[in-house]
Amino acid sequence: MARFLRDHNLKGVLICAEGIDGSGKSTQIDLLYSWLKEMKQDVILTQWNSSDLISETTKKAKKKNLLSPRTFSLLHAVDFADRLEKTIIPAMKAGFIVLADRYVYTAFARDVARMVDHKWVRNMYSFAIKPDMVFYFDVTSKISLDRICQNRQPKFYEAGMDLKLSNNPYKSYVIFQNRVNEEYKKMVDEYGLIRIDATDNIHQKQMLMREQVMKILKQRGFIKNA
């Protein structure tokens with residue numbers, strides 16, 4: 001994992017948001033994007049599982065429940081590789097701030113929670129570049145479930161129903177997302193993720209993010225010290 005474990009030498013900055021579904025990370029990364037745009041910064045936002053190359057294949061396989069844990073992992077790795085080479089690296093070479101709503105840590109958490117080998121998953125993503133900053137939005141699976149159910153039911157793979165943890169999708173969701181959260185918590189120390197209490201209000205979380213992001217932007221010369 002030489003590339004992923006060493007600092008990149010690109011002109012841009014890569015900032016990632018991680019956490020289980022319902023943690024509020026997408027809302028926060030969207031707010032951060034708008035704030036940076038208001039500051040006249042060159043910024044782009046990229047999302048997990050959004051590559052045109054593979055997204056349709058993944059959707060079709062999900063609908064038919066054809067994905068084994070390792071196949072699921074491989075498809076997401078292909079999706080990520082495509083976005084990395086076509087979107088993330090070119091933007092960073094051009095000096096952009098890249099905001100990633102999920103990065104490789106999502107695979108490290110979800111795939112291992114699906115009992116895919118820890119080392120195998122990390123080695124598969126060894127081509128990734130190391131982010132400059134990663135926020136982890138920490139919330140319990142029960143709070144996450146309550147938030148999601150305000151708008152919809154848990155999805156099949158989101159609830160880990162493929163693992164046959166429970167016939168009840170709500171119970172399965174809590175069990176599976178607990179596993180995912182356990183992996184994220186290990187990565188706080190392993191990779192230096194910045195933990196944010198996802199039960200804080202939206203404003204508090206955003207202010208914490210902006211404070212940390214401002215530090216890295218000043219260090220890298222995007223914003224001049226007064």
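At what angle do helix α5 and helix α8 pack, and how far apart are their axes? The close-ups below start with that pair. This is a predicted model, in which local features need pLDDT of at least 70 and side-chain atom pairs count only at pLDDT 80 or more, while totals for chains, interfaces and linings use all residues. Residues are numbered from 1 along each chain as its sequence is written, and side-chain values use heavy atoms, with hydrogens and water left out.

**View A. Helix α5 packs against helix α8.** The angle between α5 (residues 104-113) and α8 (residues 169-191) is about 135 degrees, and their axes lie 8 Å apart. That makes α5 oblique to α8 (angles under 35 degrees count as roughly parallel, over 145 as roughly antiparallel, 65 to 115 as roughly perpendicular and the rest as oblique). From α5, look for Y105, T106, F108, A109, R110, V112 and A113; they meet F176, R179, V180, E183, Y184, M187 and Y191 of α8 (contact means heavy atoms within 4.5 Å). Sorted by class, the residues of this contact are 10 nonpolar, 1 polar and 3 charged (Ala, Val, Leu, Ile, Met, Phe, Trp, Tyr, Cys and Pro count as nonpolar, Asp, Glu, Lys and Arg as charged, and the others, Gly among them, as polar).

**View B. Helix α7 has a buried side and exposed residues on the face turned away from it.** In α7 (residues 141-148), the buried residues are S141, S144, L145 and I148 (buried means under 20% relative accessible area, exposed over 50%, partly exposed in between, with a 1.4 Å probe and protein chains only). They sit on the same side of α7 because they cover an arc of only 100 degrees around the axis, taken from the directions from the helix axis to the C-beta atoms. These buried residues pack against α8, whereas K142 and D146 are exposed on the face turned away.

**View C. Helix α2 crosses helix α9.** The axes of α2 (residues 25-38) and α9 (residues 202-219) come within 10 Å and cross at roughly 50 degrees. So α2 is oblique to α9. On the α2 side, Q28, I29, L31, L32, W35 and L36 make the contact; on the α9 side, I202, K205, Q206, M209, R210, V213, M214 and L217 do. The tally for α2 with α9 is 10 nonpolar, 2 polar and 2 charged residues.

**View D. Y157 lies in the loop between α7 and α8.** With 7% relative accessibility, Y157 counts as buried. The C-alpha atoms of Y157 and A2 are separated by 31 Å, and the two residues are 155 residues apart along the chain.

Definitions and conventions
Axes are lines fitted to C-alpha atoms, for helices over the stretch in contact, and angles run from 0 to 180 degrees between N-to-C directions. Helices (H or I, at least four residues) and strands (E, at least two) are DSSP runs, numbered from the N terminus.
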